[in-house]
Number of protein chains: 2
Amino acid sequence: MGLASKLSRKILSFKAVVGIVGVGYVGESLALATSNAGFKTNGFEIDKTKIEKINKLKHKNLKATDDKKLLASCDIICICVPTPTYKDNTPNLEYLTIAAKEIGKYLQNGQLIVLESSVAPGTTRNIVAPILREAANERKADFFVAFSPERIDPGNTKYGISITPKVVSGLDEESKQLTIEFYSKFVKQIVPVSTLEIAEMTKVFENVFRLVNISLVNELSDFARSLGINMWEVIDAAATKPYGFLAHYPGPGAGGECIPVLPYYLLDSAKKLKVDLPIVKKASETNHMQPHKVASHALRVLNGSNSKNGQRKALIVGVAYKGEVNDIRGSAALAIWEKLEKEGVSVYYHDPYVEHINGFSSKQLHPEFLSEVDVIIIATAHKNISYDLLVNCQKPLIDTRNVLREFASPHIHRI
Amino acid sequence: MGLASKLSRKILSFKAVVGIVGVGYVGESLALATSNAGFKTNGFEIDKTKIEKINKLKHKNLKATDDKKLLASCDIICICVPTPTYKDNTPNLEYLTIAAKEIGKYLQNGQLIVLESSVAPGTTRNIVAPILREAANERKADFFVAFSPERIDPGNTKYGISITPKVVSGLDEESKQLTIEFYSKFVKQIVPVSTLEIAEMTKVFENVFRLVNISLVNELSDFARSLGINMWEVIDAAATKPYGFLAHYPGPGAGGECIPVLPYYLLDSAKKLKVDLPIVKKASETNHMQPHKVASHALRVLNGSNSKNGQRKALIVGVAYKGEVNDIRGSAALAIWEKLEKEGVSVYYHDPYVEHINGFSSKQLHPEFLSEVDVIIIATAHKNISYDLLVNCQKPLIDTRNVLREFASPHIHRI
């Protein structure tokens with residue numbers, strides 16, 4: 001029996017052992033989906049907190065570990081490591097290449113390796129596959145390689161893995177078919193595409209679409225403000241158009257690990273190919289400048305106010321990169337914080353989802369504390385925040401999320 | 001009884017007489033809607049063909065005329081004139097100001113004037129209303145002014161006027177309420193907004209959203225092509241994401257009277273306000289360059305081919321600005337034509353909806369004629385074109401609309 005048929009049988013009988021490399025928000029969701037579906041699943045992770053979090057679940061099919069040797073016991077290995085950027089916004093593929101090398105070290109004949117991390121088109125074929133092939137040659141093993149982009153939307157309670165269509169591609173037809181068989185076991189709709197690059201580009205496009213549209217509304221919001229037009233009302237009105245429109249909302253800048261990051265992967269790739277992407281570039285610049293605009297507005301407010309003792313104090317409300325999550329990676333709030341601090345402002349924060357950041361702790365919204373603050377910036381609109389407390393303290397209140405739309409107060413700056 | 005109550009009663013009893021100034025595709029659709037609803041309707045037009053077209057319908061409530069004196073007999077006047085740009089892409093408000101002046105000349109006490117034409121925010125308040133006010137002062141008449149943007153999508157058989165929500169705003173509360181009452185008679189959902197400018201900006205935003213997203217896919221399409229990726233397959237795959245994505249498709253450049261034009265109104269307004277709109281600007285530039293890219297591709301094909309007698313011949317298939325319409329205004333096909341002609345190419349066209357353009361006639365797709373052609377460019381994908389004839393003639397075939405996706409032929413250039 002060929003390697004593909006062997007693995008196929010294991011998948012169909014749920015006897016395939018699944019390995020998930022990286023159990024952050026993507027890997028964890030996937031690990032829960034595979035183990036709930038009935039696959040014995042090992043989550044590979046170096047972060048002890050994440051390992052403990054998963055093992056606390058005491059799931060009969062799921063175990064997290066830092067023991068890489070166990071990679072050898074897996075039939076299918078999904079790579080879910082972060083693909084961030086370096087400080088100069090170029091792609092940082094270190095996590096990915098390290099993961100591929102570790103998998104290579106323990107590579108077994110007939111293993112299927114599926115990359116789920118978001119990457120520029122060509123990465124699976126030109127970076128991941130060669131690493132595995134080299135290892136395979138040494139170990140005289142053969143393997144399957146596929147790319148199937150994660151579509152996990154943290155905080156989205158409506159669309160979980162099982163009901164979100166899954167785009168699947170393979171290095172060859174057997175790899176693709178095996179990957180389709182695997183995901184079919186716990187995802188309702190599989191979307192096979194013809195090449196690895198199509199699947200990689202699909203994920204990049206989804207993120208770029210979001211970034212461009214968010215930056216577009218931020219750009220239009222500046223224009224609207226200069227005319228005294230409330231952009232939020234414009235968006236709500238436009239959203240009544242039953243076709244050809246999708247609402248995106250202004251804010252302090254899109255954050256997180258995907259929307260602002262993937263466009264940099266695309267721009268880096270385009271630069272190498274000498275293709276100009278002016279819209280993506282401008283959207284990226286606009287998004288990057290967005291927190292600075294908010295901070296500048298706060299500084300103007302502070303400069304206009306009479307601080308008691310000269311030491312100006314700012315409170316940032318919501319530091320996670322979006323509502324109802326605890327993830328602060330790439331959050332605009334942090335960029336606002338940094339800029340204010342540079343200008344000599346003392347910065348405090350409140351976020352019910354984020355207890356501590358770099359030695360700071362989330363402040364309680366006590367009236368006494370609020371009375372000492374010179375400006376409040378709502379950067380992320382969590383639902384479980386007492387916005388009335390913020391409005392009642394009558395301090396200048398910069399609302400970047402329109403969460404105070406129902407409040408009328410001269411202290412509110414709607415930007 | 002006040003003027004507003006008087007008009008309100010007339011609307012509720014369908015005794016209000018409606019005037020539509022300009023019965024192009026917007027005004028004609030509106031005139032049909034008001035007359036079908038039961039309002040006696042006069043369409044005002046200078047183009048005799050359009051007048052005849054409407055009067056041929058012999059609709060009991062609808063009449064088209066060039067007799068402006070009849071404006072005095074109307075209770076509600078909707079302005080549906082074109083708002084194009086000059087050659088330098090600045091707003092051409094001549095049709096609009098002429099219409100406002102004509103209406104002013106015959107202004108009656110208690111008339112409601114509704115602007116439906118797409119304009120930059122502030123136009124109704126700062127340009128239309130003052131013209132009417134001046135006339136009203138002279139004539140000792142009072143009037144109501146509103147803005148309610150048209151949302152007519154030519155060729156869209158799904159969303160007619162009655163089921164497309166209508167955004168409504170007024171110069172004052174009475175104007176707004178009367179306008180809501182009026183449109184409620186033939187539109188299911190009315191969306192009142194707080195100011196004229198919000199309504200004006202809503203329409204601009206809807207168009208800018210489309211332009212930016214179309215230009216974005218055109219930009220990404222160039223990138224994808226350089227990697228050998230089929231962008232159409234990428235878009236189809238991305239479109240399976242059940243949230244946060246809306247598909248737009250590549251092409252030779254968005255045409256028509258709205259999508260490429262309104263962004264210029266916005267850019268002009270932003271320039272005066274000294275607000276930078278980099279994304280809108282780049283999207284506009286990309287859209288403007290799109291037909292040139294197609295023409296350049298055709299020229300490269302022509303330069304590589306051996307033309308029999310040295311005179312290179314190109315056939316453009318589909319010259320309307322989009323499928324299933326006969327409107328050629330702003331069509332990318334015309335820009336492609338112009339560029340090819342400048343390079344000494346003889347250009348022919350085929351379009352089942354457009355019989356004649358500037359002395360040229362739509363060519364039949366006879367094999368004899370096709371055998372003389374050196375390159376074929378599909379610029380607009382009408383459904384009733386025999387694409388198999390085009391493929392069978394084995395001439396280089398540039399498909400800008402992916403309408404030949406089912407055909408496999410080495411002669412097809414998919415761009």
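Predicted model: local features only at pLDDT ≥ 70, side-chain atom pairs only at ≥ 80, totals over all residues.
## How two chains meet

Reader: How do you know that chain B is in contact with chain A, and how many residues take part?

Author: The test is heavy atoms within 4.5 Å. By that test, 61 residues of chain B are in contact with 61 residues of chain A. Together the chains bury about 5400 Å², and 77% of this is on carbon and sulfur atoms. B:Phe205, B:Phe223 and B:Ile279 supply 14% of the area that chain B buries against chain A, more than any other three residues.

Reader: Which helices of chain B supply at least two residues each to the side that touches chain A?

Author: They are α7 (196–226), α8 (231–238), α9 (262–273) and α10 (278–304) of chain B. The most comes from α7(B), with 19 residues. By residue class, that side of chain B divides into 37 nonpolar, 13 polar and 11 charged.

Reader: What does the rule find in salt bridges and polar contacts across the interface?

Author: For salt bridges across the interface of chain B and chain A, the count is 0. For polar contacts there, the rule finds 13 residue pairs, both residues at pLDDT 80 or more. Over all chains, the salt bridge count comes to 34.

Reader: Why is the pair A:Asp66 and A:Lys48 called a salt bridge?

Author: Side chains of opposite charge can pair when their charged atoms come close. The closest N and O atoms of A:Asp66 and A:Lys48 are 3.5 Å apart, and the cut-off is 4 Å, so the pair qualifies. A:Asp66 lies in the loop between β3 (62–65) and β4 (76–79) of chain A, while A:Lys48 is in helix α3 (residues 48–55), 18 residues apart.

Reader: How confident is the predictor in chain A?

Author: Chain A averages a pLDDT of 96, and 99% of the residues score at least 70. The model scores ipTM 0.96 and pTM 0.96.

Definitions and conventions
Residues numbered from 1 in each chain as written. Chains lettered and ligands numbered in written order. Heavy atoms only, no water. Buried area = accessible area lost by both parts, 1.4 Å probe. Salt bridge = Lys/Arg side-chain N within 4 Å of Asp/Glu carboxyl O. Polar contact = N/O pair within 3.5 Å; in protein donor to acceptor, adjacent residues only side chain to side chain. Helix = DSSP H or I, 4+ residues; strand = E, 2+ residues; numbered from the N terminus. Nonpolar A, V, L, I, M, F, W, Y, C, P; charged D, E, K, R; others polar. pLDDT = per-residue confidence, 0-100.
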